[in-house]
Amino acid sequence: MTSAFFGLDIIRRALAAQKLALDVTAHNIANANTPGFSRQEAVQATTPPYTIPALNRPAAPGQLGTGVQISQIRRLRDQFIDAQIRQEGQSAAKWKAISDALSQVEVIFNEPSDQGLSAVFSRFWSAWQEVARAPETIAVRASLREQAVTLAGAIRHTYEQLGQLRDQVDYSVSVKVDQINTLARQIFDLNRQIANIEAVGDQANDLRDRRDLLVEELSKIADVTLSETSTGKLLVFLQGRPLVGETKVAELAAVPDPLNGNLRSVQWADTGQPVAFNNGEVAALLEVRDATIPAYQGELNAIAQALITNVNAQHRAGFDLNGAAGGDFFVGTGASDIDVDAPIKADLTRIAASASGAPGDGTNALSIAQLQFAKIMNGGTATIDDVYRGLISQLGVSAQEAKRLQENQDLLVEQLTIRREAISGVNIDEEVTNMIRYQHAFEAASRLARAYDEILDTLINELGR
Amino acid sequence: MRVTNRMLTLGFLRNLGITTTRLQELQDQLATGKRIRRPSDDPTSLPKVLFLRDALKQLEVYQANISDSKNLLALAEKAISSAVEVVQEIRQDAVAGANGTLAQDSLNALADKTDALLNQLITIANSSYEGRYLFGGFRTLTPPFVRTGSVVTYQGDLGTLTREIDRGAVIDVSIPGSLVFSNLFDTVLGLIDDLRAGNIQNISSTRIQQIDQALENLLSYQAQLGARWARTENTEQRLMDFRVHLQDLLSQSEDVDIAEVIVNIQAEENVYRAALAAGARLIQPTLLDFLR
């Protein structure tokens, strides 16, 4: 026979277990909106039953249950979905960065609009036609000068803005590198705490949640790979080298590279070895900075050069209003420094509209106006307009593609997040149901305590009186 | 599947976000009237839009060139036509002089009158438009003809003003004055000399014939100018039709269909309201509401 107080012990354990389960429920409800939180469950299990097999075990039938205990507090989490979210989130972040940059490029080119280069070019050529119509008239020459100054200014401004965007992107690279370092240090700290806690057999649920959140952040920035040690430490690798190692963090540095116009190159802070990125935000930023923007700048530059060379050649073939041979119309070497030649800015009669030297002859101005349709680019296969329209069209296609891919990736991440939420998220109704469950179990156990109290009362006070 | 409260609110917010984004896009389209506001809105149509805009701008230039050409051609034609009238009067006087019945006094009077008519012809040959001389070739700022005593000098050159009235179609819009008037002036100067000298024989044998040749020359240039004017006019009509066509194409490529957008906005608004209503029902209640 078991001891008289055996039942009371079961009740004590029951009360403790239900109270603990209720505490876990309270924690869940409290964190219903905490990012990265996964719901926890107090796993209830029976305590070891009485009696254990032995030679001297009592003759009473067994086994007799001894009550309940909380075997562990576990978090509900699907590591596989986490891995998928990290993977797809990385691509989503990459396309978002590219899409953001391209939409800024779109704003810079400002097409289609009356202020875009296309319209400014169009007005420039028309102004030459006007001069061809009335070459003797100072007023139309003045209007041509204004259009030419506007065109040169618009080309320079567009080129400059692309350069500024490039600098901005470059700065973002350094910000992202700082973020990588910060996240790596935080993950390293959490690793230590988690290892300490789990060494004594506990579950570091909330710390793991926090670490998962940090790793998810980090995966968006860089294409890191992960591996968890048996002690619960999460090692983070970048290009095969540990960023977060077991014993230390290897930090990254964004160092100005004199070979690449002092744009920052990302390298390991200790060895100075460059780091390559294949996916994630930094990869996107580097691609935009080193390939996308320079390509647009290059095309703009080619357009400016074709404009300068061809207009100047034709202009030099003509004569100005004073009968003198024409000089250069534009100065500069490309899109960065194109401008109207100073003598022409100062003296409108210097515009060489005449092919013969006579004032009423606008033939040369007409020849310059006809450069609009001359195939003077891409080895004589395209006009300036063709090339520019191609550039804008390419920009549109790239921007649209990036936007679509970003939207697709976002949708994918969202679907995965919903799946994770279905496993790890907190459902208030469920928690309240659990609360009622545990509360009733607690009340019932308390009621049992009274029953035992009465039994003992009978046994101790009434018996043998 | 387990559905959590966070899923409900996140889903609700996401759907609202999508609907409001679409609403905003539609409102933008309605406000600007344009379907393409940045290249990525429709990269395939955009080059066409830019091309059509350029083409329309170019058409404006051609149309301005055409109206300028028409003015120049009409004025030159009108000048030659007045010259023809004057020359016909001179011819009558020459015929009267060649008659042989007039005394030298009368011949001198005829010579004075012809002299005045010559000055009138020179004035006609020096016609200008907007400060630019019509018959001076490229030397549009210098009067083409100057008379000093019995010599009329051509100060212009042999340049011909041209205008591009359509892609690659360049037409001449002036005729160098020397081709039109130089022979005429020499003939009239000769006639005046003959009249003063009483050289009637020469007038009847050569001068009248020369005057007829000059007249024919004038008439042929007049016809040429008239023909060019007609050609320009033709081109203008064609370009006007073409312009309407281009505008139509441009409108199709970049303008929104207002009716369609309004209908779409209405539809989105309905979705928006429905999403709000659904959210209001879903987000509010929990089990707690029923446990009182």
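This is a predicted model: local features need pLDDT of at least 70, side-chain atom pairs count only at pLDDT 80 or more; totals for chains, interfaces and linings use all residues.

**Backbone entries**

I looked up B:Glu130 and noted that it counts as exposed because its relative accessibility is 59% (exposed means over 50% relative accessible area, buried under 20%, partly exposed in between, with a 1.4 Å probe and protein chains only). Phi of B:Glu130 is near 50 degrees, a positive value in a residue other than glycine, and B:Glu130 lies in the loop between β1 (128–129) and β2 (132–133) of chain B (strands are DSSP E runs of at least two residues, helices H or I runs of at least four, numbered from the N terminus).

Residues are numbered from 1 along each chain as its sequence is written, chains are lettered from A and ligands numbered from 1 in the order written, and side-chain values use heavy atoms, without hydrogens or water.

I found another positive phi, near 50 degrees, at A:Asn378, which sits in the loop between α8 and α9 of chain A and counts as exposed because its relative accessibility is 56%. I also noted a cis peptide bond from A:Glu111 to A:Pro112, with omega near -10 degrees; A:Pro112 is in the loop between α2 and α3 of chain A.

**Interface entries**

I looked up the contact (heavy atoms within 4.5 Å) and found 56 residues from chain A and 44 residues from chain B. The area buried between chain A and chain B is about 4,300 Å², 55% of it from carbon and sulfur atoms (the accessible area, 1.4 Å probe, that two parts lose on being put together, summed over both). In chain A, A:Pro112, A:Arg133 and A:Arg389 lose the most area to chain B, together 17% of what that side buries.

I counted 6 salt bridges between chain A and chain B (a side-chain nitrogen of Lys or Arg within 4 Å of a carboxyl oxygen of Asp or Glu), and I noted that B:Arg38 and A:Glu106 meet in a salt bridge at 3.2 Å, N to O.

**Core entries**

I asked which residues touch the most other members of the largest nonpolar core. Of its 160 residues, these are A:Phe277, A:Leu307 and A:Phe330 (a core being buried Ala, Val, Leu, Ile, Met, Phe, Trp, Tyr and Cys residues joined through side-chain atoms within 4.5 Å). Helix α2 (residues 46–98) of chain B supplies the largest share of this core, 21 residues.
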